Amino acid sequence: MTQEIRLRFAPSPTGYFHVGGARTALYNWLIAKKQGGSFILRIDDTDELRNRQEWTDGIIAALDWLGIDFDEGPYFQSQRKDRYFQQAREFYEKGLAYYCNCTRDQIDERAKMRGGQPGYDGFCRDRALSSEPGYALRFKVPPGDTVVNDVVRGTVTFANSTIEDFILLKGNGAALYVLANFVDDVDLKISHVIRAEEHLPTTPKAVLLYEALGVQSPIFAHLPVLVNEKRVKLSKRRDRVAVEDFRDQGFLPEAMVNYLALLGWSPGDDLEFLDRQELIDLFDLSKVSKSPAFFDVVKMKHFNKHYMASLNVNDFIGRCLGVLEANSWWTGDESQMASFHVIAPFVQERIALLDEVVEMVDFLFTDSVLLEVEQYNFSDIDLDVLSKFLVKIEGEDNFTRDRLEEHFRSLGEDLGLALRKLQAPIRLSLTGKKVGPPLFVAMEILGKERSLNRIRNAVASRH
RNA sequence: GGCCCCAUCGUCUAGAGGCCCAGGACAUCACCCUCUCAAGGUGGAGACACGGGUUCGAAUCCCGUUGGGGCUGCCA
C-alpha cells in the first residue's frame, strides 16, 4: 500500500519573500515532481497581527516567476479556525490537554524561584480548569522520549521532560502554529514535511500530536538554514534578499532556481548547470547537506551570466524590453528594434544582469551619454589617431563592420600602434564609454553620418 | 543557562575506511588569445577545527574539546 505523495510549502506572510523560502519551496516542488505527487501552497496566516495581504500576493507572484507552480491551494489557515478549535477540543475531551490561566509573568516568576530554568512548569495540569475566556489550552506532554526521524538529520531524540506543556489554543481561542500546522498536514494528507532547520525543535511537539491521535507522521526533512556573511540566519529585516529584488536587478528565474537548488544540495559528479528537468531527475533529499550555507550573490551572478548567454537571441531581446522601456530615449520603434537586434548577440554574451543592457546600448539611441567636448582628455596621439581614422573612412561608402575593421587595421599599420591603443579614443568619442560591444558593429549601426559626426566632435576638443 | 543541530579551500561543495600528500565550481593571481569589455584557454595560491581512540589503514567510524548555528513567545 503506497501512500500518495503530497508536499506543501507553508510560508507565513509576515514580510517579503526571501531566498530561503524560495529554496524551501523549490525542494518541496522538486520532490513532488520527481515522485509524481502534488505540490500544495498553504498560507500560514494564523498570526493576524503580522499578516498582510500584500505579502501573500508577493509570495505567489515570486513563485510564479520562479516557475514553481502548485497543484492545490493556496489554502489559508485563517479560514480554518473552527477546525483547529474542534481538534483542540478533541484533545481536551480525551484528557490529553488542559486549560491554563497562568500569565507569562507568573510562569517566569515561578521559573525564577525554581532556579532559572525558563519555561512552563505544568502548574495547571491537575487543576481541572474548564474553558473560560482568556484561558489557554495546553497539551499534556507524556513522559518518555520523542523521536523525530529526519531524512537529512537521521534520528533525533528529545527527552519529553525537556518539552514543556505547549499551548494549543490561545486565550482568545485561536490556534497556535503547532496545532494549526498539525491539523492541516493531517487533513491535507501531507506525506513529506520539508522545511528549514529552525523548525526542528518544534517537531517533537508535532510528533506527540500525531502519536496522541494515532495518526502516522509524515516524513520529515529539515534543511540547513541559509546564512548571511556573518553566518547568521538570513533575516527579512537585516538582509536584503527578497526574491523580487533579484528579479528587478535582472536575474533570470532559471539561473536563480539552478543556484538555489545547489545551495545545500549537490548531485555529485561535478555537475553545476542543471535545467529544471535535470534538477527533478537528480534531486535527492538524502543528499542534502546538514550545514548552513552562505547565500552568495556573486556566484549566483555567474549562473546568471551562463543562462543569459544560453538564451536564444529573440528570447534575450524579449527579456530586455522591460529594462529598455524604463529609459526616455527608448521608443521601441521599428528602427530602434532593428538596431537592437543587430547589437543584441554581442550584448548578450557580455552582461551578467539584464539591466546592464542599458549601459551597453544607450549610445545607439541617444547622444546624451556622449562626453562634452571639454571632457575629452585626448593626447596628441589620440587626436592623431582620430583624424587619420576619419580620413580613411570618410570616403568609404560601404559602411560595414568588415570594411571598417580593414580601415582600422590599416591605420594601425600606418601608425605602428597596437590596435588596443587605437580603439580607445575611437570608442570614447563614439560611445562616451571605455568599454562596450565591438566597435565596428556599433559603427555599422550608427551609420556613416552619425559616426563621422561623433568623431569630428571629439576631434574638436583640440584647442 | 537549557534542548537540539552542525564542522573539507575565502564561498558552495565532491568525498559514504584504502582510488585523496583531497576533486570541481565561484572569487582571486599570472600568462595566452584579443579592437575594449566579456567569453575561452593554461597555470598558481588556497581546506579535511583540535585531541584521543577503533583499524594494517580515517577527511570518512566512536568519544571528548573547541567553534558556529537554531530553538527556548498565548510568532511562524
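1. Ala, Val, Leu, Ile, Met, Phe, Trp, Tyr, Cys and Pro count as nonpolar; Asp, Glu, Lys and Arg count as charged; the others, Gly among them, count as polar. A residue is near a strand if one of its heavy atoms lies within 4 Å of it. By these classes, the surface near RNA strand B has 24 nonpolar, 16 polar and 22 charged residues.

2. Keep the basis in mind. This is a predicted model, where local features need pLDDT of at least 70 and side-chain atom pairs count only at pLDDT 80 or more, while totals for chains, interfaces and linings use all residues. Residues are numbered from 1 along each chain as its sequence is written, chains are lettered from A and ligands numbered from 1 in the order in which they are written, and side-chain values use heavy atoms, with hydrogens and water left out.

3. Look next at the domains. Chain A is divided into domain 1 (6–75 + 225–297), domain 2 (80–223), domain 3 (311–364) and domain 4 (380–461). The bounds come from an automatic or database domain assignment.

4. Domain 1 meets domain 3. Their C-alpha centres lie 29 Å apart. Seven residues from domain 1 and five residues from domain 3 make the contact (heavy atoms within 4.5 Å). The two domains bury about 480 Å² between them, 55% of it on carbon and sulfur atoms. Buried area is the accessible area (1.4 Å probe) that two parts lose on being put together, summed over both. Gln-249, Gly-250 and Leu-252 supply 65% of the area that domain 1 buries against domain 3.

5. Which side chains meet in a salt bridge? Those of Glu-254 and Arg-319 do, at 2.9 Å, N to O. The term requires a side-chain nitrogen of Lys or Arg within 4 Å of a carboxyl oxygen of Asp or Glu. Across the interface of domain 1 and domain 3, the rule finds one salt bridge.

6. Now the RNA. Of the 62 residues around RNA strand B, Asp-47, Arg-231, Arg-350, Arg-409 and Gln-423 come nearest.

7. Some distances to RNA strand B are worth checking. For the side chain of Glu-197, the distance from an N or O atom to a sugar or linking oxygen is 3.0 Å. At Leu-262, a polar backbone atom is 3.3 Å from a sugar or linking oxygen.

Definitions and conventions: Polar contact = N/O pair within 3.5 Å; in protein donor to acceptor, adjacent residues only side chain to side chain.
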